[in-house]
Amino acid sequence: MAITNERQIYIDGKFYPKSEAKVSVYDHGFLYGDGVFEGIRAYNGIVFKLKEHIDRLYRSAHAIMLNVPLTKQEMTQAVLDTLRKNQMKDAYIRLVVSRGVGDLGLDPRKCPKASVIVIADTIQCKDSNSQETGITTIFSWVKRNPVDATTHEIKSLNYLNSILAKIEANAYGVDEAMCLESNGYIAEGVGENAFIVKNGELFTPPTATGALSGVTAEVVSEIAKKLGIKVTITNLTPFMLFTADEAFFTGTAMEMTPIREVNKRIIGEGNPGVVTKKLMSEFQKVISDPTQGTKI
Ligand code: PXG
């Protein structure tokens, strides 16, 4: 019997209680990681940057030649319907499009229809005090997916390299892993973009070599520019992070989170710096601005 007050999950146009929301073991998303996804947040009845997330989802799908069975407008509606169905105004939304049910071979032609899943739930990915204290990190040995393979630019269901980096961070007792790209430059975290502050200016790695084109990173860069803080997209070495004045991560799940340590090197003063704090307080204003998203 279904448990009452269970979350209702959208699967291919229908809602199922969480305990009954299941996909086939023949789904190629499960068998091969063949699919794409997005993580989105809703704040106080507004889905933050929903259009930007949906656009990125369709770009990822296009790159893997996955036919999304909904138009962007229908996909937007599916997200909003899921939030309404669950009566959620604040949520973490997971949008998944998998290649769908096929046979045990790799060939996607055996999967006649892609599957769309929308989960609206909450997420706990950082300690409540990490915004005040900053988090600890290590450089992982796992490089980001190279551009000439399962490139990091596609937000695919293949997140094993992020998971391996996370396992490493866990094993070393730090909060998060910092990932490098194949030339040894800083790429990003396991699910967040990286920024450093040096002499009052912001620097972040290029998306071409190793960082996902982050929605939150874009928002924070825009805030910085409005505040008159210069933002430069450039290759960053581990040394530049060691010797930065401040550093922080941005991401839908992590929002803005200061970094206080990398491989036991304290960054700056070892607590969130002035530029980071200023950006964080402006970021709070932007996420509660109804013009920055789609009303539920
Ligand atoms: N880099 C990667 C590799 C990501 O997956 C980001 C950066 C940040 O992008 P946005 O657009 O969210 O600012 C992401 C996306 C998690 C989790 O549980 C986070 C993401 C994806 C999957 C899980 O922390 N973030």
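Where is the place of Arg-41? Select Arg-41 and you will find yourself in strand 3, which covers residues 35-43. Before going further, keep in mind that this is a predicted model.

**Stop one: Arg-41**

With Arg-41 still selected, colour by accessibility. Its relative accessibility is 14%, and since buried means under 20%, Arg-41 counts as buried. Now show its surroundings. Leaving aside residues up to four places away in sequence, Arg-41 touches Ile-46, Val-47, Phe-48, Ala-91, Tyr-92, Ile-93, Ile-123, Thr-252, Ala-253 and Glu-255. Pick out Thr-252 from that group: the side chain of Arg-41 reaches the backbone oxygen of Thr-252 at 2.6 Å.

**Stop two: the ligand**

Thr-252 leads us onward, as it is among the residues that come nearest to the ligand. Select the ligand together with the 20 residues around it; Tyr-159, Glu-188, Val-215, Thr-216 and Thr-252 come nearest.

- Lys-155: a polar side-chain atom lies 3.0 Å from an oxygen atom of the ligand.
- Gly-191: a polar backbone atom is 3.0 Å from a nitrogen atom of the ligand.
- Val-215: a backbone N or O atom sits 2.7 Å from an oxygen atom of the ligand.

On its own the ligand has 540 Å² of accessible area, and the protein covers 89% of that.

**Stop three: helix 5**

Next, select residues 160-171, which form helix 5. How far apart are its end C-alpha atoms? They are 16 Å apart, which agrees with the 16 Å that 12 residues should span at 1.5 Å a residue.

Highlight Asn-161, Ser-162, Ala-165, Glu-168 and Ala-169, which are buried. Turn the view to look down the axis of helix 5: the buried residues fall within an arc of 120°, so they line one face of the helix. On the face turned away from the buried side, look for the exposed residues Leu-160 and Ala-171. Following helix 5 comes Gly-173, with a positive phi near 70°.

**Last stop: Thr-232**

Finally, select Thr-232 in strand 12, residues 231-233. Is Thr-232 buried or partly exposed? At 22% relative accessibility, Thr-232 counts as partly exposed. Residues up to four places away in sequence aside, Thr-232 touches Leu-202, Phe-203 and Thr-204. Draw a distance between the C-alpha atoms of Thr-232 and Thr-204: they are 28 residues apart along the chain and separated by 6.4 Å.

Note on methods
Residues numbered from 1 in each chain as written. Predicted model: local features only at pLDDT ≥ 70, side-chain atom pairs only at ≥ 80, totals over all residues. Heavy atoms only, no water. Helix = DSSP H or I, 4+ residues; strand = E, 2+ residues; numbered from the N terminus. Expected span 1.5 Å × (residues − 1). Buried < 20%, exposed > 50% of the residue type's maximum accessible area, 1.4 Å probe, protein only. Arc of directions from axis to C-beta. Near = heavy atom within 4 Å. Polar contact = N/O pair within 3.5 Å; in protein donor to acceptor, adjacent residues only side chain to side chain. Areas by Shrake-Rupley, 256 points an atom, 1.4 Å probe, with all protein chains shown as cover. Contact = heavy atoms within 4.5 Å.
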